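Come along and keep the viewer open.

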Amino acid sequence: MTDAPFHDTGYKALFSLPELVQQLIEGFVTPDIAQLLDFSTLELVAGSFVTPAMQSREEDVVWRVKMADTTLYLYLLLEFQSTPDAAMPVRMVQYVAALYDSLIKEKRVDPRRLPPVLPVVLYNGERRWRAATDIGEVIECPPVLRAYQPRLRYYLLDEGAYSDHELAAVRNVVAGIFALENAEGKEEALAVVRRIGEALQALPNRERIDRVLTQWVKRYLQRVHPGAMMAVEETLETGEGTMLATNVQKWAEELLREGMQQGIQQGMQQGMQQGIHRGQHEGKLWALRQLLRVRFPEADLTPYQSRLDAATDAELERLLTKAATAATPDAVFATE
């Protein structure tokens with residue numbers, strides 16, 4: 001897991017985009033809530049909120065959206081500590097109270113008719129969340145006093161609790177972001193990035209979203225999977241497709257270079273020219289397999305195994321070139 005400041009600022013940029021907020025709610029919050037929201041009315045609430053303890057919540061994101069005949073305030077709390085915070089119920093009461101206080105002071109709401117707030121905690125720590133999600137769960141008191149205790153429940157989104165299968169089934173950009181956070185290796189991460197790029201194609205205003213998303217993906221991979229980022233430029237001009245799609249192509253090429261280098265090193269360790277040649281061959285074969293895995297993450301490559309095993313150096317180089325642009329595995333291995 002990466003450090004909290006990086007994630008707080010990166011996620012604030014991502015979830016300051018209305019399209020991604022909509023995908024977060026539609027993909028991961030109960031449908032009973034999502035279906036009542038008019039996402040075309042999403043409006044980012046400017047300003048920061050100060051809790052009674054005088055701690056600014058500038059890292060969190062607040063949205064206003066029409067919900068049936070009322071206005072809902074959506075409070076996204078970005079929680080990127082490594083472990084769950086048992087005091088979260090108390091903290092959330094403070095944050096929501098601070099939000100109401102700010103809205104009242106700015107005369108945005110009538111204090112006699114307060115709008116509803118949906119508090120959402122977005123957590124990606126290493127340990128699964130076990131802390132209470134309702135302040136009422138942690139207040140111990142006799143039944144006669146129960147009616148006088150504060151009540152507030154927040155909606156928990158624990159990224160690491162979702163399986164790969166669950167995230168793949170959602171098929172939107174936010175699910176891809178969660179899957180990238182959970183990716184264990186460089187090849188898996190690149191495959192997820194490709195999936196994010198495909199989901200991005202369906203979004204309106206995708207050029208604007210693409211730039212913010214690509215910047216976040218770059219920073220994330222630079223920290224977590226640095227070997228996947230060696231071929232990425234600071235800025236990219238693209239024609240067709242997306243920046244992410246272009247970057248995936250560059251990252252795939254980097255896999256090839258890495259495989260060649262690995263093979264050469266293996267051969268040199270054997271100390272003979274024959275060993276060096278064999279190492280180069282194994283490097284090309286390794287790079288091709290990684291490239292196929294990245295380009296076609298859901299394809300069954302078993303039918304092509306015998307072809308790979310028997311391939312010469314020249315054929316491996318030709319297959320590598322085709323694999324970088326082919327639309328399907330069959331197109332890679334098609335005879336000319």
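What follows are my entries, from the whole chain down to single residues.

**Entry 1: the whole chain**

I began by noting that this is a predicted model. I looked up the secondary structure and found 14 helices and five strands in the protein chain. Then I checked burial: of the 336 residues in the chain, 47% are buried.

**Entry 2: the nonpolar cores**

Which residues have the most contacts inside the largest nonpolar core? My list reads Tyr 11, Phe 15, Leu 20, Val 173, Phe 178 and Leu 180, in a core of 50 residues. Helix H7, residues 173–182, gives the most to this core, with seven residues. Apart from this core lies another, of 22 residues, and I jotted down Tyr 75, Tyr 100, Leu 103 and Tyr 123 among them.

Leaving out residues up to four places away in sequence, Phe 15 touches Leu 20, Val 21, Leu 24, Val 61, Trp 63, Leu 76, Leu 122 and Val 174.

**Entry 3: the largest pocket**

I looked up the volume of the largest pocket and wrote down about 400 Å³. Its lining has 18 residues, and Ala 191, Val 192, Arg 195, Pro 297 and Glu 298 lie nearest the centre. The elements that give two or more residues to the lining are helix H6 (164–170), H7 and helix H8 (186–200). H8 supplies the largest share, eight residues. By type, I sorted the lining into eight nonpolar, two polar and eight charged residues.

**Entry 4: Asp 158**

Is Asp 158 buried or exposed? I found Asp 158 in strand S5, residues 155–158. Its relative accessible area is 8%, so Asp 158 counts as buried, the cut-off being under 20%. Its contacts, not counting residues up to four places away in sequence, are Tyr 123, Arg 128 and Trp 129. I had already met Tyr 123 in the core of 22 residues.

**Entry 5: Lys 66**

Next I went to strand S2, where Lys 66 is found. At 43% relative accessible area, Lys 66 is partly exposed, because that class runs between 20% and 50%. With neighbours within four places set aside, I listed Leu 36, Leu 37, Asp 38, Thr 41 and Thr 71 as contacts of Lys 66. I also took one distance: Lys 66 and Phe 39 are 27 residues apart in sequence, and their C-alpha atoms are 7.5 Å apart.

**Entry 6: two positive phi angles**

Last, I looked at backbone angles. Ala 68 is not a glycine, yet its phi is positive, near 55°. I placed Ala 68 in the loop between strand S2 (61–67) and strand S3 (70–79). Its relative accessibility is 64%, so Ala 68 counts as exposed.

Where is Lys 107 found? I traced Lys 107 to the loop between helix H4 (88–105) and strand S4 (117–123). Lys 107 has a positive phi of about 60° although this residue is not a glycine either. Lys 107 is exposed, with a relative accessible area of 73%.

Technical notes
Residues are numbered from 1 along each chain as its sequence is written. This is a predicted model: local features need pLDDT of at least 70, side-chain atom pairs count only at pLDDT 80 or more; totals for chains, interfaces and linings use all residues. Side-chain values use heavy atoms; hydrogens and water are left out. Helices (H or I, at least four residues) and strands (E, at least two) are DSSP runs, numbered from the N terminus. Buried means under 20% relative accessible area, exposed over 50%, partly exposed in between (1.4 Å probe, protein chains only). A nonpolar core is a set of buried Ala, Val, Leu, Ile, Met, Phe, Trp, Tyr and Cys residues joined through side-chain atoms within 4.5 Å. Contact means heavy atoms within 4.5 Å. On a 1 Å grid over the protein atoms alone, a cavity is a set of points where a 1.4 Å probe fits but cannot get out, and a pocket is an open set with protein on both sides within 12 Å along at least five of seven lines; lining residues have an atom within 4 Å of a point. Grid points are joined across faces, edges and corners, and a volume is the space filled by probe spheres set on the points. Ala, Val, Leu, Ile, Met, Phe, Trp, Tyr, Cys and Pro count as nonpolar, Asp, Glu, Lys and Arg as charged, and the others, Gly among them, as polar.
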